[in-house]
Amino acid sequence: MNPLKEFNSDFFRLSPNPTETKIRGFKNKEKGWHLGEGEPPTTFTIDIAVWFLGELLAREFSETDAFPGVWGEIEVCGYHEASDLGFIIERDGSVSALFERGEEEIESKEKTTVQEALRLLKSWSKIIFG
């Protein structure tokens, strides 16, 4: 099953924002990029990360960022005032999701499906933006 079958392909035609450029740049990481260890992310992982970024931007998260993980995972984050959403896309396509407000964890889910993580993103966005 292709988890990207429901994504909005129009997002990919827009000019990339700095976070998207950063995510796409992770493909240039070489094996051993982190102190002799580490794997570059796959194209599949990059595509899912860009898709989650698009979903955050569509929900008015004006501040975003992304971080490469040592073993090829990518974390995509959206920030609004004191609320932070984070999605770690693993090489196997699973996603861990986190919602924090201030220093408090509101909810999290580890290694779930892309579809479930998207459901969480939508639900948490409604809490944040009303």
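Two strands are said to pair if DSSP finds at least two bridges between them. In this predicted model, 5 strands form an open sheet in the order 1-2-3-4-5, and the pairing is antiparallel. Strand 1 (63–68) and strand 5 (104–112) stand at the edges, each with a single partner strand, so that one side of each is left without a neighbour in the sheet. From one strand to the next, the twist averages 10°.

The pairing can be followed strand by strand. Strand 1 and strand 2 are antiparallel and are joined by 6 bridges, and within this pairing T64 has G78 of strand 2 as its bridge partner. Strand 2 and strand 3 also run antiparallel, with 7 bridges between them, and C77 stands opposite G86 in strand 3. These two strands form a hairpin with 2 residues between them, in whose turn E81 has a positive phi of about 50°. Strand 3 is in turn paired with strand 4 over 7 bridges, in the antiparallel sense, and here F87 stands opposite A97 in strand 4. The hairpin of strand 3 and strand 4 has 5 residues between the strands, and G93 takes a positive phi near 90° in it.

Helix 3, for its part, lies across strand 2, strand 3, strand 4 and strand 5, and runs at about 10° to strand 4. Helix 1 (residues 18–25) packs with helix 2 at an angle of about 170°, the axes being 9 Å apart; because angles over 145 degrees count as roughly antiparallel, helix 1 and helix 2 are described in that way. Their contact involves T19, E20, I23 and R24 of helix 1, together with I46, D47, A49, V50 and L53 of helix 2, and these residues divide into 5 nonpolar, 1 polar and 3 charged.

The largest nonpolar core has 27 residues, and those with the most contacts inside it are I23, F52, V76, L85, F87 and I89. Two or more residues are given to this core by each of helix 2 (43–58), strand 2 (74–80), strand 3 (83–89), strand 4 (95–101) and helix 3 (114–129), with the largest share, 8 residues, coming from helix 2. Beyond its neighbours within four places in sequence, F87 is in contact with a set of residues including F52, L56, V76, A97, L121 and W124.

Conventions: Residues numbered from 1 in each chain as written. Predicted model: local features only at pLDDT ≥ 70, side-chain atom pairs only at ≥ 80, totals over all residues. Heavy atoms only, no water. Core = buried A, V, L, I, M, F, W, Y, C linked by side-chain atoms within 4.5 Å. Buried < 20%, exposed > 50% of the residue type's maximum accessible area, 1.4 Å probe, protein only. Helix = DSSP H or I, 4+ residues; strand = E, 2+ residues; numbered from the N terminus. Contact = heavy atoms within 4.5 Å. Axes fitted to C-alpha atoms, helices over the stretch in contact; angles between N-to-C directions. Parallel < 35°, antiparallel > 145°, perpendicular 65-115°, else oblique. Nonpolar A, V, L, I, M, F, W, Y, C, P; charged D, E, K, R; others polar.
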